[in-house]
Amino acid sequence: MAGRLEGKVVVITGTGGGQGREAALRFVHEGAKVVGCDLKAEGNEETVRLVDRAGGRMLGLHPLDLTVEGEVESLMKAAEAEFGGIDVLYNNAGAFRAGTLESQSYEDFEFSLRAEISTVFLAVKHVIPRMRTRGGGSIINVGSIAGQVGTSIAGNLPGAAVHCISKAGVIRLSEVAAIELSPLKIRVNTISPGVILTPQLAPFIGEKGDEGLAAEFIRESLSDRVGQSSDVVNAAVFLASDEAEWITGINLTVDGGFVASGGRGKPDSRVAEIMRQIKG
């Protein structure tokens with residue numbers, strides 16, 4: 001249904017590739033005007049070209065560092081100047097440096113917290129005045145199943161502690177923001193993806209999402225595949241649209257049933273047979 005976001009101005013962070021690029025293209029298809037940003041200038045310029053080729057309107061800012069408050073403020077000002085205001089903020093950008101609790105440096109730990117949770121705080125802080133003048137809006141933050149259970153890595157491999165901590169923080173930040181901003185008619189929700197096939201994960205799960213750790217994740221979930229960027233963006237389009245007018249403060253898990261199954265996957269026929277024998 002093209003046009004679900006007709007007339008809305010959407011700020012999307014991290015549009016230099018992957019899920020951010022997918023979001024920019026899908027949001028303009030739905031009628032939105034997009035303001036995107038990324039540290040990767042070349043990737044973001046390519047996204048702007050693709051949007052233009054698709055007949056959409058996108059303002060791209062790059063390189064832009066979301067951990068610097070002044071640059072976040074400039075992003076919001078640019079969106080306001082170009083399109084007259086902001087209706088939707090999609091906090092897609094994030095990055096972390098892996099390491100076990102024993103081996104990770106304090107520098108890498110702090111970098112990860114800044115890149116995954118401080119960036120969300122800063123963007124939310126500086127979009128509020130713009131949404132106030134619009135009479136409301138929708139904020140969508142990207143969490144992760146890592147903020148809910150285990151380590152989000154197949155087999156609970158160590159090395160993602162700071163990622164788990166920061167994404168749990170994003171989920172709670174969103175819930176608190178939903179309460180605090182409700183008088184302004186600003187809705188705040190989280191999308192928590194499972195393993196998604198992106199350029200960053202391709203070396204670990206294969207170009208088609210069926211190799212390495214992907215097979216283990218599929219075994220631990222209720223689906224027969226890993227996620228695609230479109231799976232996450234579909235959820236974002238819904239939460240950004242007026243169809244979700246009565247939805248705020250939720251964490252929408254997009255993970256093929258990993259969390260629901262407790263990471264145990266589909267029903268085990270062997271266990272079912274044991275249960276039948278016990279019952280008999």
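Select Thr13, Leu66, Asn91, Ala93, Thr119, Val120 and Ala123: these residues line the largest cavity. A cavity is a set of points on a 1 Å grid over the protein atoms alone where a 1.4 Å probe fits but cannot get out, and lining residues have an atom within 4 Å of a point. About 30 Å³ of space lies inside the largest cavity, a volume being the space filled by probe spheres set on the points. The model is predicted: local features need pLDDT of at least 70, side-chain atom pairs count only at pLDDT 80 or more, and totals for chains, interfaces and linings use all residues. Residues are numbered from 1 along each chain as its sequence is written, and side-chain values use heavy atoms, without hydrogens and water.

Next, colour helix 4 (residues 106-134). Helix 4 gives the largest share of this cavity's lining, three residues. Helices (H or I, at least four residues) and strands (E, at least two) are DSSP runs, numbered from the N terminus.

Now move to strand 4 (residues 88-91). Val88 and Tyr90 on one side are buried, as are Leu89 and Asn91 on the other. Buried means under 20% relative accessible area with a 1.4 Å probe, protein chains only.

Strand 1 (residues 9-13) runs parallel to strand 4, joined by three bridges; strands pair if DSSP finds at least two bridges between them. Here valine 10 stands opposite valine 88. Strand 5 also pairs with strand 4 in the parallel sense, over four bridges. Look for leucine 89 across from isoleucine 139.

Technical notes
1 Å grid on protein atoms, 1.4 Å probe; cavity = no way out; pocket = protein on both sides within 12 Å on 5 of 7 lines; lining within 4 Å. Buried < 20%, exposed > 50% of the residue type's maximum accessible area, 1.4 Å probe, protein only.
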